[in-house]
Amino acid sequence: MNFMNDLIRVEHLVKIYYLGEIQVPALKGVDLCIQSGEFVAIMGASGSGKSTFMNILGCLDRPSQGRYFLEGTDVSGMTKDELAQIRNKKIGFVFQSFNLLNRTTALENVELPLFYNNTSSRTRHHRAMEALTGVGLIGRQHHLPSQLSGGQQQRVAVARALVNRPSLILADEPTGNLDTRTSLEIIDIFQKLNQQSQITIILVTHEQEIARYASRQVIFRDGKIIQDLSFEPRQAAYDLTQMPPPTEEAIP
Amino acid sequence: MNFLMTLRIAFKALNRNKMRSGLTMLGIIIGVSAVIAMIAVGSGAKARIQEQIASMGSNLLIVLSGSATSGGIRFGSGSVPTLTVDDAKAIATELPSVKYSAPVLTGISQVVSGNQNWSAVTYGTTPEALLIRDWPVVKGRALTQADVDGRAAVCLLGQTVADNLFGEMDPVGQVVRIKKFPFTVIGVLALKGQTTWGQDQDDTLYVPLTTSQRLLFGRNFPGMVRSISVQATSAGTLQQAEEEITQLLRQRHRLRPDQENDFSVRNLTEAMSTAQESARVMSLLLGAIASIALLVGGIGIMNIMLVSVTERTREIGIRLAVGARERDILYQFLIEALVLSLIGGLIGLIIGVSASQLISHFFKWPTLVSLQALLLSFSFAGGVGMFFGFYPARKAAKLDPIEALRFE
Ligand SMILES: Nc1ncnc2c1ncn2[C@@H]1O[C@H](COP(=O)(O)OP(=O)(O)O)[C@@H](O)[C@H]1O
Ligand SMILES: [Mg+2]
């Protein structure tokens, strides 16, 4: 395996949380390589360390031990500002709870990452509209999160993750709060991004239904990887056509 | 993140909680307006004193009779005349540091014109007295040496006396009775205003020294005067003049080295400067007290910013997650605190200036609002905002992204 070709390479990743005197080991030595262009589903029971792992991959948190190479660069030694730059430019993060700014329109939410790299206001607007178009939310750009359905809010979050054109999207249970059809629509967006734009997707889910759209499934248990298999993925776009017609809220 | 966008976010955040922002600003508003009003009151007093110093005449010394112990009893200055008219002449002619000197007799006298009567401080003196005080006449003519030599029964009226005796009428050429003696009014003095201690300088009469000696005050101690007004040639020679006068008078009065002076020399400019200095201290003190209000306002800002940081923990987490750096968050909250304090400062500025105007209007107290004071208090408000906003802003910036995102 060519070292430089790995988009992500983690070596013996350990994360220990400290609750006062008590040590809680959330990751107990994780090794994993992910190539550029993969669509990986991370699975495992609740508390198995998936979110902890994703937060480290997303440069939101640092490992207690072990090394993390992103595009061949060791992230473990970076300063806070450098990590912020990586979160801004290289990684798009999608959360289960959407994490949009309230009282802020969809458009401004999508523009948010661009605020932090001095993009001109014209480019900002242009790029945000482009991202909103990509997730099928044109016409809703001036809505507040509270005026959007869960599925639409998650699309805004996906657009925000895409707006800086990152090479990697990390999504921690992005469909956890959504119904089946809406979930599938979000997965469809990810699959298109992966297949058409070669964006690497790492997605946490505990549903096999969702995981089968990925081409690789990594299963965590108790802070360790216990299984890592590749599959022929199902196509979300096709499965959507087989579903009952959409409810009125699902499609804009 | 650029400044304008940060500013917009700050305004939005403050706008979201108008009531709270307004109350927080109130502390700063009160502080700034108090500082401005207090400094205005203080500088007003200072400016008034300065004006009065100028109105007294410059480089002025007053030599007073007395201050000697006689028979174990200490008399107040001027109570027993020890100075002579010749002393005054000697001071003017023999001392190079002296420009003018004028012997002065003083007393309160009753002035009557027709059915109007009035009491006024009356000075019997020579023409130099008015030169020393730099006091021109606005109507008629001034005193002349001929008036003094001829013991003319003439007088000059201060504005207050002229107004009270004659109202709108022209007093020049009229005859008034001073202590029942008829005097012809030869002129009216220009308006001087009040002294520092609130005395009306225009409530006064000037008559020739010789006439006053004969008719008004001089009968108990012939040839003696209560005081001598002296003008030094310049501010630089004032000190020298004071020393030379003391020396000369001790000589003339034949005082032995172990004897105390039977006169005293007062430097009025110096006394006024002391008054001016105390006005300055007062102004500083008032400003300092008002600044405490401003500091308390700052603590209010800090309090609200801390609440705001806690409330917006999740927002901070989101911003950090999409790539905000520590300093982006720091600036965001710092600018918010700054906007609060500067808007408060601006409103305080307006209120402070209006309050100063009201004070001078209703309490007849002179106030002076200087640009310097405005800039000072405004930047002080900004400084307070920065200082008290820094801790909450830093607290926000140091948040851990994961914990901030998990915050409910
Ligand atoms: N901030 C934290 N402090 C202490 N323990 C934590 C913290 N976050 C997660 N954990 C613990 O680490 C383990 C892994 O958690 P997590 O990564 O959230 O699992 P998953 O996402 O797979 O459900 C769990 O036992 C959890 O209780
Ligand atoms: Mg989780």
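## A chat about a predicted two-chain model

Author: Let's start with A:His12, which lies in strand E1 of chain A. Keep in mind as we go that this is a predicted model.

Reader: Is A:His12 buried, partly exposed or exposed?

Author: A residue is buried under 20% relative accessible area and exposed over 50%, with partly exposed in between. A:His12 comes in at 45% relative accessibility, so it counts as partly exposed.

Reader: And what is the phi of A:His12?

Author: Most residues other than glycine have a negative phi. A:His12 isn't a glycine, yet its phi is positive, at about 45°.

Reader: Where is A:Glu71, and what is its phi near?

Author: Look in the loop between E4 and strand E5 (73-74) of chain A, and you'll find A:Glu71. At 34% relative accessibility, this residue counts as partly exposed. Its phi is positive too, though it is a residue other than glycine, and the value is near 50°.

Reader: Now for the ligand. Which chains does ligand 1 lie between?

Author: The residues around ligand 1 include A:Tyr17, A:Lys50 and A:Ser51, and B:Arg406 is also there. Ligand 1 lies between chains A and B.

Reader: How far is an oxygen atom of ligand 1 from an N or O atom in the side chain of A:Thr52?

Author: Let's go through some oxygen distances. A polar backbone atom of A:Ser48 is 3.3 Å from an oxygen of ligand 1, and for a backbone N or O atom of A:Gly49 the distance is 3.1 Å. For the side chain of A:Thr52, it's 2.5 Å.

Reader: How much of the accessible area of ligand 1 does the protein cover?

Author: On its own, ligand 1 has 560 Å² of accessible area.

Reader: Which element gives the largest share of the shell around ligand 1?

Author: By class, that shell has 4 nonpolar, 6 polar and 2 charged residues. Two elements of chain A give two or more residues to it: strand E1 (6-19) and helix H1 (50-57). The largest share, 3 residues, comes from H1(A).

Reader: How much area do chain B and chain A bury between them?

Author: Start with the contacts: 23 residues of chain B touch 24 residues of chain A. Of the area buried, 53% is on carbon and sulfur atoms, and the total is about 2300 Å².

Reader: Which residues of chain B lose the most area to chain A?

Author: Together they make up 23% of what the chain B side buries. They are B:Ile318, B:Val322 and B:Ile402.

Reader: A:Asn117 is in a loop. Which side chain does its own side chain join in a polar contact of 2.5 Å?

Author: That loop runs between helix H3 (106-115) and helix H4 (121-134) of chain A. A:Asn117 has 19% relative accessibility, so it counts as buried. Not counting residues up to four places away in sequence, it touches A:Asn88, A:Lys89 and A:Asn164. The 2.5 Å polar contact is with the side chain of A:Thr119.

Reader: Last one: how far apart in space are B:Phe390 and B:Gln259?

Author: B:Phe390 is in helix H12 (residues 371-397) of chain B and is partly exposed at 38%. Leaving aside neighbours within four places in sequence, B:Phe390 contacts B:Leu330, B:Leu334 and B:Gly385. B:Gln259 is 131 residues from B:Phe390 in sequence, and C-alpha to C-alpha they are 69 Å apart.

Technical notes: Residues are numbered from 1 along each chain as its sequence is written. Chains are lettered from A and ligands numbered from 1 in the order in which they are written. This is a predicted model: local features need pLDDT of at least 70, side-chain atom pairs count only at pLDDT 80 or more; totals for chains, interfaces and linings use all residues. Side-chain values use heavy atoms; hydrogens and water are left out. Helices (H or I, at least four residues) and strands (E, at least two) are DSSP runs, numbered from the N terminus. Buried means under 20% relative accessible area, exposed over 50%, partly exposed in between (1.4 Å probe, protein chains only). Contact means heavy atoms within 4.5 Å. A residue is near a molecule or strand if one of its heavy atoms lies within 4 Å of it. A polar contact is a pair of N or O atoms within 3.5 Å; within protein, one must be able to donate a hydrogen and the other to accept it, and residues adjacent in sequence count only if both atoms are side-chain atoms. Accessible areas come from the Shrake-Rupley method with a 1.4 Å probe; for residues, only the protein chains shown count as cover. Ala, Val, Leu, Ile, Met, Phe, Trp, Tyr, Cys and Pro count as nonpolar, Asp, Glu, Lys and Arg as charged, and the others, Gly among them, as polar. Buried area is the accessible area (1.4 Å probe) that two parts lose on being put together, summed over both.
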